[in-house]
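These notebook entries record what I looked up in the structure shown below. I began with strand pairing and then turned to helix packing.

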Amino acid sequence: MPRGALIVIEGLDRAGKSTQCDRLVTRLKTSTPTLLRKFPDRTTPIGTMIDAYLRSTSDLDDHAVHLLFSANRWEASSAIKAELEAGVTVVVDRYIYSGIAFSRAKGLDGAWCRAPDVGLPRPDVAIFLDISEEAAAERGGYGEERYEKKEMQRKVRQDFLELRDDERDAGDWAVVDAGQSVEEVEENIWKAAQKGIERARTKDLRTV
Ligand code: T5A
Ligand code: NA
């Protein structure tokens, strides 16, 4: 049985990740077993601490919260591996690239940020929904959580684009213009997802 593909959707806050993950999962499900996962997963004990931090009801050192985000991925990692091995395609709403980009934007060292995620299942494709901070800010609900500020989002976008250019990740990335209509974005994500599905058909799962 062929393994499932690990497809990651990344982007700035309000880029449309959740909207598009739902559409992608619905579409994939018509031909292959597919599951959606989201990070942070706010339902676990670690996720509860992250949620309190993001909603500014608790304060944490930047390094400590970075490690919590990574630990929140590690909590799910063996389940994700088992799902992929069982032939289930897993679509993930934010993953390691958010972890690195947001913490680097706060001034943490890049190599230090990468280290705790080393060994996690590596995406077959990471699809980055690119949007200007201005366009993202105009979308509903912006400004409620800790990182939803223009200056922070500008730095995070820069960081995401640097990650794309980093040779360690370059082959895995696809950039999609998220400023288009929901339907246009969906179509471009669908095309990019095929790259990951093809990779999963022909190559073993790697680690970060
Ligand atoms: N974080 C996360 C870290 O710092 N480190 C980490 O390791 C991880 C994993 C929470 C925060 O945590 C940080 C990053 C974040 O700041 P989150 O829970 O994923 O992460 O929260 P958000 O990214 O803020 O998620 P949102 O749900 O707010 O944004 P989405 O999912 O990108 O956007 P979505 O689909 O909900 O859409 C937002 C709005 O835009 C509209 C939608 O209808 C909705 O109103 N919209 C469009 N409008 C016009 N045109 C389109 N094409 C549209 N698509 C959607
Ligand atoms: Na979301």
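This is a predicted model: local features need pLDDT of at least 70, side-chain atom pairs count only at pLDDT 80 or more; totals for chains, interfaces and linings use all residues.

I looked up leucine 36 and found that its bridge partner in β3 is valine 91. Residues are numbered from 1 along each chain as its sequence is written, chains are lettered from A and ligands numbered from 1 in written order, and side-chain values use heavy atoms, without hydrogens and water.

Entry on the strands. I noted that strand β2 (residues 34-38) pairs with β3 in the parallel sense over five bridges; pairing requires at least two DSSP bridges. Strand β1 (residues 6-11) also runs parallel to β3, joined by four bridges, and isoleucine 9 stands opposite aspartate 93 of β3.

Entry on burial. I checked β3 (residues 89-93) and found five of its five residues buried, so the strand is largely enclosed by the rest of the structure; buried means under 20% relative accessible area with a 1.4 Å probe, protein chains only. Thr89, Val91 and Asp93 point one way and Val90 and Val92 the other.

Entry on the helices. I found that the axes of α1 (residues 17-29) and α8 (residues 182-202) come within 10 Å and cross at roughly 60°. The crossing is right-handed. The contact (heavy atoms within 4.5 Å) includes Arg23 of α1 and Trp190 of α8.

Terms used
Axes are lines fitted to C-alpha atoms, for helices over the stretch in contact, and angles run from 0 to 180 degrees between N-to-C directions. Helices (H or I, at least four residues) and strands (E, at least two) are DSSP runs, numbered from the N terminus. A crossing is left-handed if the near helix is turned anticlockwise from the far one by less than a right angle, and right-handed if clockwise. Buried means under 20% relative accessible area, exposed over 50%, partly exposed in between (1.4 Å probe, protein chains only).
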